[in-house]
Amino acid sequence: MSQLAGKKILLGISGSIAAYKAAFLTRLLIKHNAEVQVLMTPSAMSFISPLTLSTLSKRPVYTDVIGAEGWNNHVEIGLWADALVLAPVTANTLSKLASGQSDNMLVASYLSARCPVFIAPAMDLDMWKHPATRRNVALLEGAGNHFLEVGYGELASGLIGEGRMAEPEEILTRLESFFGQQQDLVGKKVLITAGPTFEPIDPVRFIGNRSSGKMGIALAISAARRGAMVRLVLGPTSLTVSHPNIEVVRVQTAREMFNASCEGFENIDLAILAAAVADYRPKDQASEKIKKSGNALQLELVQNPDIAATLGKMKKAGQILVGFALETQNEEAHARAKLERKNLDMIVLNSLRDPGAGFNHDTNRIRILHRENNKTADFELKSKAAVAEDILDSVLHYYLT
Ligand code: PMT
């Protein structure tokens, strides 16, 4: 029997040429014995008729909060659903979701829904790459929404690139695997470090790095979804995270990250250290802005505490410690040396030589190195959300069974 049998799916359709695919998706969901309630934005109705969707779903379609029949109860509808699937989502609707607007049934129901939300964007390649869209996607990902990757190919504009809506079969598979997914981290306490650290030089300058926090945040969201209670120690980033299972501790410097990570470590089952921590900080921080004088300026740097190595010493039997290694050459040898030196159980290697991997990308390509038996496993370039699942699967398989 399908994992979707009896599930209540709220399907939100916005105004894109890909809206026709929503009819196939409705049909597939109904075939898998799900109940489907369709919501359409007003512009979606220019692309596909509500009659088609109400016939396929066997329910009336809602568009406006105040419709011809009176007030449509978006709160009741939002709470009814086991999953809210938004497909296709245009750049306009994405921006409304990110900013919390509620001027149609689709976006109002999104605000009222307490169930998991799946977002399948569809737009032109330049709209998809635009910084405004990137910011909206990051914000919505940080709020725990599940994104379906856009496809590459010919777009309605005639241009070729990324922006095609995921196929209905892919969306169905994702929903099936979501509902089939075990809550395999229930009862586990997980510590995750993420993002950069900023080491102040004076009140306006700092030593930092290019980490965005995306990799660590993806890990925190995956672990929380799988039932863990997560403490996310997050360096300075504009990204936000919200999930009832995630406690976010915001820090700026390596020493603050060190303190927040060591605190309560004895109760942690699994720590994953994805942060890019500054190894050194300026010895002294000037209290006033340093003025330009002369041709050169010398800064004396002192070593920061190593969080991974310290936790490696504190670690007791049964506690699992996973590090990351960001390398640019001799990747595997450097990663294995860190694994040994910091007493880690597993290290996740990403190389800046791999296109699409490392800092700030939405994707990553990793190799996992285990302490025991010198085992390694290679993974393809994937979204950071999918990479996070691979890392947690690996931890569960080898260490938490
Ligand atoms: O944040 P994103 O933009 O998504 O980018 C993700 C990432 C590239 C930052 C991430 O995937 C990654 O590789 N993180 C580790 C980066 C790093 O600084 O690695 P490292 O090789 O210098 O450090 C090795 C390990 O020791 C890491 O687990 C690091 O968190 C830890 N460490 C390092 C120094 C220190 N003082 N304390 C530490 O805990």
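Visitor: What stands opposite isoleucine 119 in strand 6?
Guide: Leucine 86 stands opposite isoleucine 119 in strand 6. Strands here are DSSP runs of E with at least two residues, helices are runs of H or I with at least four, and both are numbered from the N terminus. This is a predicted model, in which local features need pLDDT of at least 70, side-chain atom pairs count only at pLDDT 80 or more, and totals for chains, interfaces and linings use all residues. Residues are numbered from 1 along each chain as its sequence is written, and side-chain values use heavy atoms, with hydrogens and water left out.

Visitor: In which sense do strand 5 and strand 6 pair?
Guide: Strand 5 (residues 83-89) pairs with strand 6 in the parallel sense, over 4 bridges. Two strands pair if DSSP finds at least two bridges between them.

Visitor: And how many bridges join strand 6 to strand 7?
Guide: Strand 6 and strand 7 (residues 146-147) run parallel and are joined by 2 bridges. In strand 7, phenylalanine 147 is the residue opposite isoleucine 119.

Visitor: Which residues of strand 6 are on each side?
Guide: Val117, Ile119 and Pro121 are on one side, Phe118 and Ala120 on the other, and all are buried. Buried means under 20% relative accessible area, exposed means over 50%, and partly exposed lies in between (1.4 Å probe, protein chains only). In a regular strand, side chains alternate between the two faces of the sheet.

Visitor: Turning to aromatic rings, which cluster includes Phe118?
Guide: Phe118 forms one aromatic cluster with Phe178 and Phe179. Rings of Phe, Tyr and Trp (its six-membered ring) pair if their centres lie within 6.5 Å; planes under 30 degrees apart count as stacked, over 60 as edge-to-face and the rest as tilted.

Visitor: How many aromatic pairs does that rule give?
Guide: The count comes to 5 aromatic pairs. One of them is edge-to-face: tyrosine 20 and phenylalanine 24, at 6.4 Å centre to centre with 85° between the planes.

Visitor: Why are those two about one helical turn apart?
Guide: Tyrosine 20 and phenylalanine 24 are separated by about one helical turn because they are 4 residues apart in helix 1 (residues 20-31). Tyrosine 20 is partly exposed, at 45% relative accessible area, and phenylalanine 24 is partly exposed at 48%.

Visitor: Where does leucine 297 lie?
Guide: Leucine 297 is in the loop between strand 16 (280-282) and strand 17 (301-303).

Visitor: Is leucine 297 buried or exposed?
Guide: Leucine 297 counts as exposed because its relative accessibility is 61%.
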